[in-house]
Amino acid sequence: ERECSIQRRNQKILEESPSVLLSPEIRAEMIKQVKSLVRTVNYTSAGTVEFLVEDDGSDFYFLEMNTRLQVEHPVTEMITGVDLVRGMIDVAAGRGIPQEYLDLVYKDGDSEEDLEGKVVPHCGHAIEARIYAEDPLRGFLPSTGPLLQYEEPPSSILISSSGQKEEQCQIRVDSGVTVGQTITQYYDPLISKLISYSPNDRSQAIAGLSKACDLYVIEGLGGGNNVNFVQDVLRQPSFQRGDTPTNFIDMHYPDGFDGVILTKEELEEVSVIGALLGEQRRHVLDYPPLTLAGEEMKKNCQEKDGKEEKVVVVCLGGMFGKAYEVSIGKDLKTVAVKSLSPFSSKEEENEGKEEDMKKKTSKVTVDQLSFHPNDTIAEVMVNGVNRAVQVGVEDNTGLFAIKMYGAKVDILVMSPAEYELSKYMNEPAVVDTCNLLLSPMPGTLISYAVKEGDHVVEGQELCIVEAMKMQNILRSARSGVIGKCIGVVGSSVHADEIILEFSSEEQGEEEENKLQQ
């Protein structure tokens, strides 16, 4: 059986086998029901029977039967070794089910009663993630455009190493895309199926899928993909416990997905890795990420316990992001890190007062770092755990992005003096788009529900944009008067392209009325 409860709009996102909910008794009874069903209708091909199961796994109910294989068939294949596609083709060709598959279940001496509840033997655990050309940060709206970078993870991934023992997961990618290919608005947004298999247990399969996501390079599309969302679901304690009802996403993301939220320890790890990657770039390319040369370089080095340390400031999120002071020793083994930025009230509540937190220095152990500036992936062992980090291209300001734990973080490495000077810089002004309706996705403008000069209220339908076989109604975020319809019905629109604008005169009248009141 396959557990397929993690869904959004009845579209499956994560599937796994076997289900953690079913007991051997319920599984055997389910098999009997399936056999009874297919015998009754004389069904002779591959098929998938779906059931709804009680929260406690005590009972189940027939939902429907699909007379075909389903997208998630690889998880069954991974834990059983049975090629379902081959079996379906052999049956369709009149050859029947391959004998080696029958031999997995039917043994000499088995009675008819013995066979009724039998299942194909399985070993380990497999989890599949459907990778979509959708941007979860924009409400899962479609992303279209060329794949500028596309690198699939390797077929075997090391997830842990203890002494002589290494634990690995097998990784399978079923895809039909390649770098340079354009994902269009006219077809399903599925890019690939990413499957992790552990011969041991579910927790290792989860760890393997998480690392495979870290190693899966997908850039372009003019937007995003859902790998970060998959990572966040895998991080949820309830998912790791196997508590996965069909309303899982509604329960855990009632207001949508805002990105992966890193813990204090993970932020410290990211800042240390960012500092080390910046140092590795400087060393290999023989120049610093910013102008850290001459006397300034010497000032950044200090003696501590007879050992020379280099001190840099790492800003997560760019110049105006969260800053960490990172002290790097020559051996790169133990790196000290301390936050320099204000903390949120929630962080203070969990960790202590802000003043105490700023004084607190944490230690991060780095046993291995494998990275070259030409590489897309950095392999690092941090605090005893193997991590894979995607590393972006550095721009002319020294800014580069890394992806880790499903979070994409902009990294800027500075000297302490540069960090102090940066405090005098003004943050860029935010562009005011309140008078504009922007397309939230690439697609085709199907129709307008309003015309120039119309008075509209908040929530009123303005137009329809179609993308990937779905029509999306765009509604007004405010009351006002339509000033100009810019988009042309029937034409393609890009994400954030202006479709219409509200009348600025009407806004001016509103402000004047407020002043008079």
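This is a predicted model: local features need pLDDT of at least 70, side-chain atom pairs count only at pLDDT 80 or more; totals for chains, interfaces and linings use all residues.

Me: How many residues of helix α2 are buried?

Reply: A residue counts as buried when its relative accessible area is under 20%. Helix α2, residues 73-80, is mostly covered, with 8 of its 8 residues buried. Among them are His73, Pro74, Glu77 and Met78.

Me: Which elements do the buried residues of α2 pack against?

Reply: Packing is read from contacts, that is, heavy atoms within 4.5 Å. For the buried residues of α2, the partners are the strands β2 (11-17), β5 (125-132), β10 (165-175) and β12 (190-198), together with helix α3 (84-92). After α2 comes glycine 81, which has a positive phi near 80 degrees.

Me: Which residues form the negative surface patch?

Reply: Asp and Glu count as negative. Here the patch consists of Glu29, Glu54, Asp55, Asp56, Asp59 and Asp243. Aspartate 59 lies in the loop that links β3 (48-53) to β4 (60-66). Its relative accessibility is 35%, so aspartate 59 is classed as partly exposed.

Me: Where is glutamate 427 found, and why does it count as exposed?

Reply: Exposed means over 50% relative accessible area. Glutamate 427 counts as exposed because its relative accessibility is 58%. The residue sits in the loop between α14 (416-422) and β23 (436-438). Glutamate 427 and methionine 319 are 108 residues apart along the chain, and their C-alpha atoms are separated by 8.8 Å.

Methods:
Residues are numbered from 1 along each chain as its sequence is written. Side-chain values use heavy atoms; hydrogens and water are left out. Patches are made of residues with over 30% relative accessible area and no salt bridge: like charges are joined within 9 Å, nonpolar side chains (Val, Leu, Ile, Met, Phe, Trp, Tyr) within 5 Å. Accessible areas come from the Shrake-Rupley method with a 1.4 Å probe; for residues, only the protein chains shown count as cover. A salt bridge is a side-chain nitrogen of Lys or Arg within 4 Å of a carboxyl oxygen of Asp or Glu. The place of a charge is taken as NZ of Lys, CZ of Arg, CG of Asp or CD of Glu. Helices (H or I, at least four residues) and strands (E, at least two) are DSSP runs, numbered from the N terminus. Buried means under 20% relative accessible area, exposed over 50%, partly exposed in between (1.4 Å probe, protein chains only).
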